[in-house]
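Biologist: I am new to this structure and would like a close look at a single part of it. Please put it up before I ask.

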Amino acid sequence: MSIAGAIRDGGIVARRNILGVRRTPGALVTGVAQPIIFVLILAFVFGGALGGDDYRQFLIGGILAQTLTFNSSFTAVYLAKDLQTGLIDRFRALPMSRVGVILGRTTSDLVTSVISILVIVACGFAIGWRLESNVLQIVVVFLLLLLYAFAISWIGAFIAMTARSVEVAQSLGLLWLFPVCFISGAFVSADMLPGPLRVIAEWNPVTAVATAVRQGFGNEAPAGFATAGGWPADNALLYAFLCCVAIIAIFAPIAVTQYRRISKR
Amino acid sequence: MISIQGITKRFGDHQALAGVDLEVPEGSVQGLLGPNGAGKTTTVRVLTTLLDPDAGEAIVAGHSAITEGHEVRRRLGVSGQYAAVDEKLTGFENLTMVGELYGMRRREAKARARELLRDFRLDDVGDARRAGQYSGGMRRRLDLAGAIVARPPVVILDEPTTGLDPRGRRDTWDAIESLASGGTTVLLTTQYLEEADQLADSIAVIDAGRIIAEGTATELKAQAGGARIDVVLAPGADATAALAAVRSTGHDADLDERARRLTGAAADGSDGLVAVLRALEQAGVAVSEAALRQPTLDEVFLRITGLPAVEEPSEAGGAPTDRAAASEEVAA
């Protein structure tokens, strides 16, 4: 199946998904409320101990990386739902691209992520966070965030295709997010973590995205934070970009393979 | 148009298909009749390229469903056991999407969707309501319309009326009949002899993953001993006397004491029924119901296999498991 075919069918499926989201706006509540809750808890429950005003400048980049990572669970649940209702069997019996259904989902879930990003930015402004860079840098950050949201969505797709039921997809799709988002430099400097966790955090893609976002927005770490060093921190934007490419390169093929095999056995 | 040769499929220790052979000529309507768990859905999943059999070959519209899936899918329309329509889209949007996924241009798909909504009498709800708000019969018709969006030469319908009320069933039958009259080759599975009789030119009976009988509805009914007489005795009637009276007319009959029902093969059609009623009257047995009717699937099975149609625990085997379970529940 050609790439053109995949993009065409992905577009058809994405349009269908977006119509679905528009008609059940309640499903977006989590996508909107979750980042607000995280911003408020981290800024005001932990933030005071971590640097107050300065920490709020630092926080928003982390919240953006963490929220978009969490949004992959929506992909997992939506796809598992389509699987469970038999709609995917219907798609699988149509002469369409084998990539189209998942590509359509990972693309349309960008809508949720764009909404999340806007909510976080608005929240950030409300708590005193500021952009301290130029327009070009800001545009690059938003493009990176969209690429990251798209990439991480393929992990959600892989989970759905493996879990196959909504319940399992929902719990699996959330479970891995906590260690991945918290053993990272999203909320504290990676160098503040102990021993092996520090190494994991330094190389964690979530750290890379959070760091690249902060650098791009010109947000500094609070005075008391250890300065993260090492190649990933020094080349955060490049490393974040490479992580996105690697995630897609790994998870897109295995998600599609799972899709093909769903009930071929 | 459809040619199935020796397909087998095993799920764990359950032999779902034990060597199914079936030929469906172009333009004909083939019924695949059997109880739950007989292998109907597994056969359909092989033909629709959703499942690979362990052995055997399945040719649909000139291409192998196993090795040339994409070619088969281009020539095939499928409608499932429970309508797989997108509940959040309107009927029009559902059909347009399916048309586009068959490769039609958007404008063409929209025109085709309009045409089908009219043909399937869904035009009044086609834009007004989301498919999730349709009745069961309307959803089934929409699913059926989706199967023929691209005017495929072959259409496969898996239990198109299971779970529908009588009106929904009637509507679905009409839709299938008009489809068949247009020259489309149709394979439909059903648990109801009556349905196969109504719609199919030829019927194959499947049991335990094997075709155990094939023929027209008339031939199968003849194999099952032809028409049946059913007599329900009035409350308090003497069942033993009734049985003796019925047997005196040369009919053999089984008595279901709890239901006070006598059932047996009709020897002489309606004459037999008249003879039975006359004998019962002479014996002074009061009757509350009496009928001459076609044999049921159960009775066909009893005659062909010597066993009643047994429901096996699971058929689909494919993922996801609770879907299979849910469909079994719907079917039950």
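Biologist: Which residue in β13(B) is the bridge partner of Asp256(B)? Please describe the surroundings of that pair as well.

Modeller: The model is a predicted one. The bridge partner of Asp256(B) in β13(B) is Arg261(B). The strands β12(B) and β13(B), the latter covering residues 261-265, run antiparallel and are joined by three bridges. Both belong to an open sheet of four strands in chain B, with the order β12-β13-β11-β14 and antiparallel pairing. At the edges of this sheet are β12 (254-256) and β14 (287-293) of chain B, each of which pairs on one side only. From one strand to the next, the twist averages 15°.

Helix α10, residues 270-282 of chain B, lies across β11 and β14 of chain B and runs at about 165° to β14(B).

As for the contact between the chains, 28 residues of chain B are in contact with 24 residues of chain A. On the chain B side, α2 (69-74), α3 (91-101) and α12 (321-331) each supply at least two residues. The most comes from α3(B), which gives five residues. By class, the side of chain B that touches chain A has 12 nonpolar, six polar and 10 charged residues.

Technical notes: Residues numbered from 1 in each chain as written. Chains lettered and ligands numbered in written order. Predicted model: local features only at pLDDT ≥ 70, side-chain atom pairs only at ≥ 80, totals over all residues. Contact = placed C-beta atoms within 7 Å. Nonpolar A, V, L, I, M, F, W, Y, C, P; charged D, E, K, R; others polar. Pairing = 2+ DSSP bridges. Axes fitted to C-alpha atoms, helices over the stretch in contact; angles between N-to-C directions.
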